[in-house]
Structures are given as structure tokens and as C-alpha cells.
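Reader: Please take a close look at the shell around the ligand in this model. After that, go on to the packing behind it.

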Amino acid sequence: MKGTVYLVGAGPGPADLITLRGAECLRRADVVVYDFLAERALALASERAERICVGKRAGAHCLPQAEINRLLVTLALEGKQVVRLKGGDPFIFGRGGEEADALVEAGIPFDVVPGVTSAVAVPGAAGIPLTDRRCSSSVAFVTGHEDPTREGSRIAWDRLATGVDTLVFLMGVRTLPAIVRQLLLHGRAPKTPGAVIASGTRSDETVVTGTLETILEEVARHPISPPAITVVGRVVALRERLGRVARARSGGPVAAVAGRSRGRPVRTRAGRGWPTGPRTLREGSALEHTTARRIGGARKAPHAGG
Ligand SMILES: C[S@@+](CC[C@H](N)C(=O)[O-])C[C@H]1O[C@@H](n2cnc3c(N)ncnc32)[C@H](O)[C@@H]1O
């Protein structure tokens, strides 16, 4: 009898951000085929389960996609209950659709267990709501994997740059300069706030903030490593208030000002209360603060500042 393949989203990193259903699938699995970014949830699999790493770390794929597809089919044909464990949600830049397609093609029963996508969770945990009716009514998830200057890019930069309030780029560390260039070229305001969040939701989370005109400089001064997500839009300014409170509650840093914050306390004058003025802030965040006040005053002008 054929086994079933469960395409399970592991969430953005910490094992406790997987869903209850995903955890149950892991407990029952005979074999878990996993990516690097999903490895923390492996602890939830039973000891008897075979664990197969198929890779997927920036620039280092262990196994080509076609072979991963074949492996899933083969294991299911052996009658095994297979969990295909993927970071975040399997269908957000996860090639889960291609794997499901291969299973359909081979007549293998499968189920999809959605996961908490890093596209939403990473900004959220860093104090950046992707929508907020004061300043963002739309959000787009964009791959940074595609070279924006490539001939025949599928990304409609001319419409994306000013047509969506909040832009979330995944896999875009290497291509950040090209992303910024495209957004500015297609009319996004240079003072639009931006944040690059590396290892979000984890204890080693790092956040670099600035604006479209300063973010590259900030990242050059405070290098970050994948995995990272870039958020562009006025919602980033909300982090100045929300990020601090979220962190204080979770026992993390009490403030995340200046161009960067790490997963350890950063105590500043601003960290002991609400900012009282730009002098309590540093570097790129002075601008965040200015923008946040503008939002508070409900003087929204689409894309004027993000
Ligand atoms: C191949 S995509 C997979 C996305 C995944 N399916 C999801 O829904 O989160 C990998 C990208 O997700 C983002 N990512 C995943 N986990 C992250 C984390 N903890 N912090 C920051 N970015 C993360 C990064 O942009 C990374 O390059």
C-alpha cells in the first residue's frame, strides 16, 4: 500500500512556531525529508523516524528539485508515512506546488499542512505589522532571488514600486542593491522606511533599519547574513513603538533603535519610554521616528513617505 506524503510548514524557525497539526504529522512520520530552515522542528519527530536532509540554504542546494520530487514518490511507494518538512509555509516561495504536482502525477496521496510563513511572522515578531489601516492597505510578497535586472523578469517593478503599500522581499540579501535601485527607479519615495530582518523570530534576530536612500549604507555598516527578509513601506516606522513593547514582553531587547538591533538588550534613553524626540534616537531611526509621528497625525499621503 502507498504511503501518504504530508507537505508540512515548519514555521520561521523556532520549533514552537509549527502548527499543532504539523507537530502531530511529525510525531507519526516514518521518514522526514527536511530543509535546513526547518531543522529545528525535527526535534518533534519520533526517534524511530528516518531523517533525510535535502538542503536548501542560500546558494547550496543539497539535492536538485527533481530528485527531491522523486525521493518523495519513492518513499511513499515503499508504504511510508512521509513528512516533507519545509521552512515557513510550503507554498510561499517553497516549491511546495512543484512537489505536490509530482505527487499528483505519480498518484501518491498527499496532504498540505500550512505553516506560519516567515514573510508575515518575521516582520510581525520584529514589531512591524504588514498592514495597518493608518498607513498600509496592501501587501505584496516578492522574491529577491530573481535578478531584478534580468531580461524578462516576472516582477512588474513599474507597478509594484508604487502600487502596493508594503513590500516584503524574501531571499533578497544578495540582490538588495538591485531591489533598492528598481524601487527608486520606478518612483518609490527615497524616504520610504525599510528594514532588513535576519534570523527573525529567533534568539539571534538582527534588524537593520533605514530608508530606501540609507538602507544599503546601513547594511554595509552592519552586515547581515541569510536568512533575511526586507520590508519596505511606512509600516516599518511603527516598529519604533511596537518593537520595543513586543521585546520587553518576550524578555528580549528593550529597545531596537539605531541602524541595528540584535537579540540582546540594547539600552538607550529611548528604551526606557516612548521617544520624546529625534535626539533620543540614532542614525536611520531618527527618520523612522519622524515618519511615525506623521502616521500618528493621520497625514497619510500614499507613497509620499512609503
Ligand atoms: C526559500 S524561501 C522559503 C520561505 C518559506 N516557505 C516561508 O514561508 O517562510 C527562504 C527565505 O525565507 C526567508 N526566511 C525564512 N526564515 C526566516 C527567518 N527566520 N528570518 C528571516 N527570513 C527568513 C528568507 O528570506 C529566506 O531566504
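Author: The shell around the ligand draws at least three residues from each of domain 1 (5-116) and domain 2 (119-296), with the bounds coming from an automatic or database domain assignment. This is a predicted model, in which local features need pLDDT of at least 70 and side-chain atom pairs count only at pLDDT 80 or more, while totals for chains, interfaces and linings use all residues. Residues are numbered from 1 along each chain as its sequence is written.

There are 26 residues around the ligand, and Gly88, Gly94, Thr117, Ser118 and Gly200 come nearest. A residue is near a molecule or strand if its C-beta atom, placed from the backbone, lies within 6 Å of it. Two or more residues of the shell come from each of helix H4 (118-125), strand E9 (193-198) and strand E11 (228-232). H4 gives the most, with three residues. Helices (H or I, at least four residues) and strands (E, at least two) are DSSP runs, numbered from the N terminus. By class, the shell has 14 nonpolar, nine polar and three charged residues. Here Ala, Val, Leu, Ile, Met, Phe, Trp, Tyr, Cys and Pro count as nonpolar, Asp, Glu, Lys and Arg as charged, and the others, Gly among them, as polar.

Ile179, Val180 and Leu183 of H6 are buried, a residue being buried if 20 or more other C-beta atoms lie within 10 Å of its own, exposed if 12 or fewer, and partly exposed in between, with C-beta atoms placed from the backbone. Seen down the axis of H6, these buried residues fall within an arc of 95°, so they line one face of the helix; the arc is that of the directions from the helix axis to the C-beta atoms. They pack against helix H5 (157-163), strand E8 (166-170), helix H7 (215-221) and E11. Just after H6, Gly187 takes a positive phi of about 100°.

Helix H1 (residues 20-28) has Gly22, Cys25 and Leu26 as its buried residues. Down the axis of H1 they fall within an arc of 100°, so they too line one face of their helix. The face turned away from this buried side carries the exposed residues Leu20 and Arg27. The cover over the buried residues of H1 includes strand E1 (5-9), strand E2 (31-35), strand E5 (82-86) and strand E6 (110-113).

The largest nonpolar core has 70 residues, and Val32, Leu72 and Val82 have the most contacts inside it. Such a core is a set of buried Ala, Val, Leu, Ile, Met, Phe, Trp, Tyr and Cys residues joined through C-beta atoms within 7 Å. Helix H2 (residues 65-77) supplies the largest share of this core, five residues. Like the shell, the core draws at least three residues from each of domain 1 (5-116) and domain 2 (119-296). Leaving aside neighbours within four places in sequence, Val82 is in contact with Gly3, Val5, Tyr6, Ala29, Val31, Val33, Leu72, Leu75 and Ala76; two residues are in contact if their C-beta atoms, placed from the backbone, lie within 7 Å.
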